[in-house]
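Here is a short report for a first look. Start with the structure itself, then read on.

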Amino acid sequence: MKPNIYNGLAVTTALVAVMDSAAAQDYGSYPGVTIEAKFIGGQQYEGLYGRIADWEALTGATVNILSKKSHFEIDREIKSDMAAGTTDWCVGSNHISFAPQYEGLYVDLNSLVPAEVLAEFVPGNIDASTVGGELLMLPRAQFDVSVLYYLKSNYTDADKAAAFKAEYGYDLAVPETWNQVKDQAIFFSDPPNFYGTQYAGKDEGVVGRFYEMLVAEGGQYLNDDYTPAFNSEAGVRALQWFVDLYEAQAVPAGTTSYVWDDLGQGFASGSIALNLDWPGWAGFFNDPEKSKASGNVGVAVQPMGSAARTGWAGLHGFSVTNDCADKEAAASLVMFLTSEESQLAESSGGSLPSRTAVWEANLEAASNGDDPYRAESLAAFAEGAKYAFAVPAIPEWVETTNIVFPELQAAIVGDKTAKQALDDAAAAVDELMQDAGYY
Amino acid sequence: MRRRLPEWFVLLLPAFVVVAAVVLIPLLFSLYSSFTPYKLTRPSTLWTWIGERNYERILTDWKFWAAFGRTVLFLTIALNLELLFGLGIALMVNKVTRGQRTLRTVLMFPMMFSPILVGFQFKFIFNDNVGLVNNVLQSLGSDAALPWLVDGNLAMFSILFAEIWMSTSVFAILILAGLFAMPRDPLEAAKVDGCTPWQSFRHITLPFLMPFIYIAMTIRSLDVARAYDIVQIMTGGGPARRTELLWTLMSRTGYVDAKMGLANAMGYVSILLSIAFTIFFFRKLSAARAELGMGG
Amino acid sequence: MDRNKTHRNRRRVLKGLHFFGLFLVMSIICIPGLWIILNSFRPTVEIMAKPPVWRPSFTLEHYRAMFGGAGQGGVPVFSYLWNSIVISVTSTLIAVLIGMSGGYAFARYRFKGKSGYFVGLMLFRAVPGVALSLPLFIVFAKVGIIDTHFGLILVYVAMNVPFTIWLTDGFFRQIPKELHEAAEIDGCTRWQAFWKVEFPVARSGVASAAIFAFLTSWNEFALASQLTRSVDSKTMPVGLLDFTAEFTINWGGMCALAVLMILPALILTFIVQKHLIAGLTFGGVKG
């Protein structure tokens, strides 16, 4: 293998080590085949897409990327494709939250991907990618669970520690529970220059965060019969946490308009003390070129609620459409994109691999290596992932979040009480589920 | 002998054909789908007829009416302020003796901006953390990080500001052209007769400008839904539906919830709203023309 | 004497106010755009800095990245630019031709239901793009013209025809009928008479209709975002979204593309601005 194929790609030592095995796996030969693809877009994925040239060289096929957009945009596009019947492109980015909506769009990969390849993935990821017995996507990255990023300097200042102890009656340390996060966030805040924490405040983001808190408080989003259950005592406690932080101005005032991009940039600007965020940011946060917080970032497992430690998990992967002309070739591309070497290259940037072997390689490299930050974050991700839960695998999930999030916002900004907001949302979700024929 | 089509018909034919192909056919399709439970992800639902249930549903939904009311309010405030500012700017520029051409050129600046770009631009400027407005306020010693796009009133103000920034130029330029075209004699006569500046403005200038104002209004009313791009980018209708307009509600229902039948029903209400605005201003325009004897 | 002085003072105050008002208005008009341009030359760290950095440093990083290949945050700028130019220019030309013939029909012929046809055409222009985008998408998909220049050109022609008709109608009406009658007596056909006599008079109306059509096509987003899919047909406004990936809005990169998007519109508008104003006023008012 010639290194020049890897031009334009951040070549890591780990990658170089496995380059030989890239040739070892057989991706088949599909000369003259063109695979059309719709991918999720973003800086962090460019490295992976840069590798597609290798697959083209190996198989003789070409890849034509039809669009690269965010998940929400790609979701819109795929839905209009389904409506128009223009679904003969082959490979699409998929996500566990969206997957159940695309009824009949994607092929069951069990028939296309050899069992021994599937066995190399973390079993939980394969289970989560399976809806109604059909494996709808090959996971690209691990069940993503958010962990707690924090500014280390806040915990090394003796004056702060003393002041905190005097005010709250316990020692200032990296928080173990969500209540401690609340106390510390309020304590650290100095608006408008510095805030204790922040949270996603709209769309699916805020619902996911609320869901996470809800489970941590011992509640449930939907009952087993799919009736809404989030307007429980636990739900009110969970939502109140968001409301209290907002009222105390311990979060940026604009937080209800933030989603992931704003949050990541916010923490990287060094003006946020505690930040529950996705593993994909780990590299960015500690990059002196891009982040003011670099060198000062600590990573810990996510705190727990009054009932449990939990993590709302997302899972991103690639799927093959039913209308694809050459499903074998498409499946080969999907296998390549989720292959061991692809994942090794990607996980150097922070994202979590979905393959067992890559996990082990990473952990080993980190413990041998001289990068304590990487070791620390990997340990936190590994620990955090143990508490992962997935959202209900029903087509209506995204729709429920559209009903619920404006109500959560209404409570956060003080238009309604937490109980009232949740009751209103539950009534609307109840109607939706009835319409959908669940009961 | 074959009967020849009338010439006017032949001349208009291409226009009708292209409009029918691009607007009429899709509109008929969406009219039909508004009587079905059509879901994007389940194409077969297009063939289920549910009568006027979608309309019943939106007409009894207070969220829809809130968005509808907000849209009308938004348009009323925006159009009136655009007119007022446009008039003010035109009068000021008209008074300038040197550099008027440059000023007029600058005035046209916002017309070149794509609405979506205006949306991003003001999303950036009103960002509570790194936005220009808050940075200036904080550098001037204010302690506040004003949540421009979050607070109910501020968010409405911000999207109005963006909309007005983009569209005031049309008014200013048209009214300015009206001022240029105005005969000087009546004004001179009024001055001799001892009218105050306000009186001559109110009774001479303004009536003359009315047709120009209505043209601007009509041009704008053709395009009111452009505000969708701006609002969608800046707030997406949030937070807590505080800036939800008919168009953002419709697009979320249609594309995110995939309930196209319902969204198309909303679409029809929004089309009727646009048409009402357009017809209203067309009538005003004809009336104003007739009054000044400009009718054709 | 005394009265004169207060009078002069008052005039001075008024003049000051006038100047101040103008200054304020022009600043509000210019600053947002200038801010975009300025930020396209600032490094990202500085854009996101807290507390704000007021003394800007200069970098071409965003432009370099934008023109760079995949993997360096590059976007296919040249494809977008090319698509935008092809689509806007072609649709403008066609819309002006069709609109002119329609405008001429309205101005020169008498027929039943004329004003009804006219308002009807205008109302089609008023249909919101969001309401139209999905049904249009499905129809286009069935016909197979999704993601083609042709599809988008067709849409923009339909969008621009009504307004072009309105403007040119007003212009043709101003021209005395005697003019082309005289030409026809001189042996011209009606067609020749049109091009030789009427068209030159109506030129500035046509020019303003063209610039409006061009700006509409150049800036349109709601429909383009549905009907374009790939670099084959994506226009600049749709390309802006490339900078909002799932996790980060790249403000610097977006500003750089925005600058590229405004420039052609700016240059073109300045060239024909005289016609623009004349066209709007006379076309509309005398109509």
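## Chain B overall

In this predicted model, 50% of the 296 residues of chain B count as buried. The C-alpha atoms of chain B fill a box of roughly 85 × 75 × 30 Å, taken along the principal axes.

Chain B has twelve helices and zero strands. Its pattern along the sequence reads α-α-α-α-α-α-α-α-α-α-α-α. Take the contacts in chain B with a separation of 6 or more: 66% of them come from residues 24 or more positions apart.

## Helix α9 of chain A: length

Now turn to one helix of chain A. Helix α9 covers residues 203-216, which makes 14 residues. At 1.5 Å a residue, α9 of chain A should therefore span 20 Å. Its end C-alpha atoms lie 21 Å apart, so the two values agree.

After α9(A) comes A:G218. The phi of A:G218 is positive, near 95°.

How many of the 14 residues of α9(A) are buried? Eleven are, and the helix is mostly covered. The buried residues include A:E204, A:R209 and A:E212. Also among them are A:V206, A:V207, A:F210, A:Y211, A:M213, A:L214, A:V215 and A:A216.

What do the buried residues of α9(A) pack against? Their partners in chain A include three helices: α8 (178-188), α10 (233-247) and α17 (397-412). They also pack against the strands β11 (311-314) and β13 (388-390) of chain A.

Key
Residues are numbered from 1 along each chain as its sequence is written. Chains are lettered from A and ligands numbered from 1 in the order in which they are written. This is a predicted model: local features need pLDDT of at least 70, side-chain atom pairs count only at pLDDT 80 or more; totals for chains, interfaces and linings use all residues. Helices (H or I, at least four residues) and strands (E, at least two) are DSSP runs, numbered from the N terminus. The expected span of a helix is 1.5 Å times one less than its number of residues. A residue is buried if 20 or more other C-beta atoms lie within 10 Å of its own, exposed if 12 or fewer, and partly exposed in between; C-beta atoms are placed from the backbone. Two residues are in contact if their C-beta atoms, placed from the backbone, lie within 7 Å.
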